[in-house]
Amino acid sequence: MNNYYQPPQFNQPNFNYNEAAIQTQYYMEKARQERKEIRHLGNMFGIVMSAFVVLQLICVLLLKAFNLQDLYDQSALFQTCFNIIVVDLICIVIPFGLLAFLNRKKYETDIIPTKKVSGKDMYLWVTFGMLCCIGANYIVGLVVSFLKLLGHDPFQFDTPEPDSFITSIAIAIGTAVMPALCEEFGMRCCGLGVLRKHGKAFGVIAVSIVFGLMHGNMIQFVFATLVGLILGYVTVKTDSIVPAVLIHLFNNGMSVVSSIVEHFSNVKADDITLWFFAVWIALGGISAVVLGFKGCFKRSKKTMPEPFQNSTGKKLAAFFFVPGMIFPFLYFVATILFTVG
């Protein structure tokens, strides 16, 4: 059977109405089966997102049961180590790892994509990704300004402040290194990997929305969703998770380094961040031009779409509008709206 579709020519003497009807039924059923599989994956993602919430709640209850709440509130070192173990390892790696294990036969690529990327291309994609992250920061700034014009004051929860050299190292690991490794494993490896067989655009967008929701506040929802699109795009383009991990690490590392330098010197964190922005904009702008000349942004050639093929919008609807998504979606939306102020 050809991989393209030609409308039936009813005026042709040899036209076979039965064959046309069979082909139509075949393509309609194929699209329906794809939506069914996507709904199944949506329910599984919903369970994973619910586990992310429930596991955190259990760990917080255990914290209080062992009378460690005061230590958590007063010690930046303990708080950072607790968050590494609970949020990154228990609440992200384990649930998404189980998702990948249960669906291991549905991956068209390795669960952890590690295609070799040359040093030059790695530099180009990472600096380009950082340029996009800076752009996402400015978009968030516009969103915040718009919300303030409407009388709202969005906020995000405070992160631990460095108060010693050891604490600074722990915060750097807990804020930059571990999220880059654990979140990219969960989102761009386990999550995107199992969805991309139904369309790269669909996989990147769906996982980015999940990524944004799980951050739990308006500012980070907008930022994480936008950055998720960047990280997913780079992962799909390179077939490697390494560039995304580095972009994630450098992006989170900017705020960490700025706060640590501010603590141990008289330089303001905002001034350091502006220098970081200037450097990444310069390097990323050049890399974007080079990647453009190399044709890296061109879309791959596609065959003629099949009739009744599911659009990206239909796939996203099938993914999110499922019973398993009801609880986590409502929970995260309520949490995000709470932080609007």
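**Stop 1: a buried serine**

Select S258, which is buried, because its relative accessible area is 2% (buried means under 20%, exposed over 50% and partly exposed in between, with a 1.4 Å probe and protein chains only). The model is predicted: local features need pLDDT of at least 70, side-chain atom pairs count only at pLDDT 80 or more, and totals for chains, interfaces and linings use all residues. Residues are numbered from 1 along each chain as its sequence is written, and side-chain values use heavy atoms, with hydrogens and water left out.

S258 belongs to helix α8, residues 242-264; helices (H or I, at least four residues) and strands (E, at least two) are DSSP runs numbered from the N terminus. Now display A269, I272, T273 and F276, which S258 touches when residues up to four places away in sequence are not counted. Contact here means heavy atoms within 4.5 Å.

**Stop 2: two loop residues with positive phi**

Most residues other than glycine have a negative phi. Select D239, in the loop between α7 (218-238) and α8; its phi is near 55°, a positive value. D239 counts as partly exposed because its relative accessibility is 25%.

Next select N67, in the loop between α1 and α2 (69-74). The phi of N67 is also positive, near 55°. At 68% relative accessibility, N67 counts as exposed.

**Stop 3: a nonpolar surface patch**

Select V54, I58, L62, F66, F327 and Y331 together: they form a nonpolar patch on the surface, with about 580 Å² of accessible area. The elements giving two or more residues to this patch are α1 (17-65) and α11 (326-338), and α1 gives the most, with three. Patch members have over 30% relative accessible area and no salt bridge; like charges are joined within 9 Å, and nonpolar side chains (Val, Leu, Ile, Met, Phe, Trp, Tyr) within 5 Å. A salt bridge is a side-chain nitrogen of Lys or Arg within 4 Å of a carboxyl oxygen of Asp or Glu. Within helix α1, centre on I58, which is partly exposed at 41% relative accessibility.

**Stop 4: a buried asparagine**

Move to N103, in the loop between α3 (76-102) and α4 (119-149). N103 counts as buried, at 3% relative accessibility. Leaving aside neighbours within four places in sequence, N103 is in contact with L41, M44 and V194.

**Stop 5: an isoleucine in α6**

Finally, select I205 in helix α6, residues 200-213. I205 is partly exposed, at 29% relative accessibility. Beyond residues up to four places away in sequence, I205 touches L229, T312 and L316.

Technical notes: Accessible areas come from the Shrake-Rupley method with a 1.4 Å probe; for residues, only the protein chains shown count as cover.
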